[in-house]
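Please read them alongside the sequence and the coordinates.

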Amino acid sequence: MVATLLGTALLVLAGPGCSPADRSGHTQPTAGPASSASAPSRPLQIRAACEAPLPESWRAALAAGEFRVPSGQRAVLTDVGPRARWTVVQLSDGQSRRAAVVEDAEAPRTLLTFTDPVEHQLLAADVSADGRWTAFAVLEGRTLDSPWSLYVQDAEGGMRRLARSTLPGPLPQPVVRGGAVFWAQGTGRGRATIYTSPVRPPGSGGTVPAPRALHSGVIEAPFAAGGLLAWREASADGRSTRLSALSFATLRPAALPGPVAALRDLRSPASDGTTWAWVEDGGNAGNGGNGGEGEDGGEGEDPRLVVWRRGQPAPVTRLSGAPAAEGLDQLRISGELITWRTPEAAYALDLRSSAYTRITPQYGYAQARAGALAVAYHQDRAKGPDARTVIQVVRADRLPRLPAPRDCG
């Protein structure tokens, strides 16, 4: 189980805008089980979503939000921010490569020009709510076990490196909250530590304290879930995994909602604090072996997209067995939208209508996050050096409800 957990942290670099840093992580709180975790597990419910064609209203909205790549350059989508106000991209022109942030459809602002335009790649990024601070990670090689560096840049001037890692471990997925940056990095022997560092104006003359260690274990990269920082972690004996969390406000271990705290051996979890989604594989029921088998038909082999929202008594299976569920990974959530990718395409599920749609023609990446929806794919299905990458960013809350087919139960 430990080997599996570490292996899932190394995603393949493939497709436009595919960030290799996975937000998902299995975990087990070291401070003891959450108080709500002892609640009896409930059977997993099934409310299958129905596939619908991408409506013209969505096509038009996405087309209107297309990012205009500077002439002579190629772009890769990395992350998108609150209500589509900012987008972080990697830009290359054959001679140079840089990380850049686009704010409110303005010209890209360079974060860092890489010293090696061939080997170095932008991994992941996050921007503070006010848009001033951008934390971003750079992989210093072509393989995912290469060293990486984590930086924070001040839009008003100045930048500093927060960390550099040469040890195996989760790829950095920085989270910026409350004037601080949070990330995880390997510490050796299969373990990793979650760190935080305050955001301070570089060059202010003040002393910047060293990063503070918050938690160590066999963990994956943490992700923001409302007021919580959550991650996936292996148990002490390495035989199972579960979710753990700490509070951004107190930096102390925090209890997860009961149905989430009871989960075991899930993968690719994601949350916006209200909605949680994850993937369950094969016969795994995700909640200690008690969920789903009575209603799900027993030991199935297909992966399942499972969703739980505050107020629901139990998690609900929304997708299983369809082509859209084959190899699904990289879940993201924003309000009523859940996005994911498969080896063939990217999809979006609208919880308002229980309909989902294929949102890229082929391959590509979709990301619902913080009130925004971003889509990236190669035009005309080409993947060579001359292929044009389409990047579209829109406000998720302005998209109309995805129509459900008439025969959708």
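How many helices and strands are there in the protein?

1. The model is a predicted one. The protein has 4 helices and 28 strands. Of its 409 residues, 55% count as buried. Among contacts between residues at least 6 apart in sequence, 52% join residues at least 24 apart. The protein exposes about 16900 Å², and 48% of this comes from carbon and sulfur atoms.

2. Strand β16 (residues 228-234) is joined to β17 by 7 bridges, and Trp231 stands opposite Ser244 in β17.

3. The salt bridges number 17. In one of them, Arg177 meets Asp126 at 3.5 Å, N to O. Arg177 lies in strand β11 and Asp126 in strand β7, so the pair ties together parts that are 51 residues apart in sequence. Asp126 is buried, with a relative accessible area of 1%, whereas Arg177 is partly exposed at 32%.

4. A salt bridge also links Arg267 and Asp281, with the closest N and O atoms 2.6 Å apart. Because Arg267 lies in strand β18 and Asp281 in the loop between β19 and α4, the pair ties together parts that are 14 residues apart in sequence. Arg267 counts as buried at 18% relative accessibility; Asp281 is partly exposed at 34%. Elsewhere, salt bridges that share partners join Arg83, Arg395 and Asp397 into one network.

Conventions. Residues numbered from 1 in each chain as written. Predicted model: local features only at pLDDT ≥ 70, side-chain atom pairs only at ≥ 80, totals over all residues. Heavy atoms only, no water. Helix = DSSP H or I, 4+ residues; strand = E, 2+ residues; numbered from the N terminus. Buried < 20%, exposed > 50% of the residue type's maximum accessible area, 1.4 Å probe, protein only. Contact = heavy atoms within 4.5 Å. Areas by Shrake-Rupley, 256 points an atom, 1.4 Å probe, with all protein chains shown as cover. Pairing = 2+ DSSP bridges. Salt bridge = Lys/Arg side-chain N within 4 Å of Asp/Glu carboxyl O.
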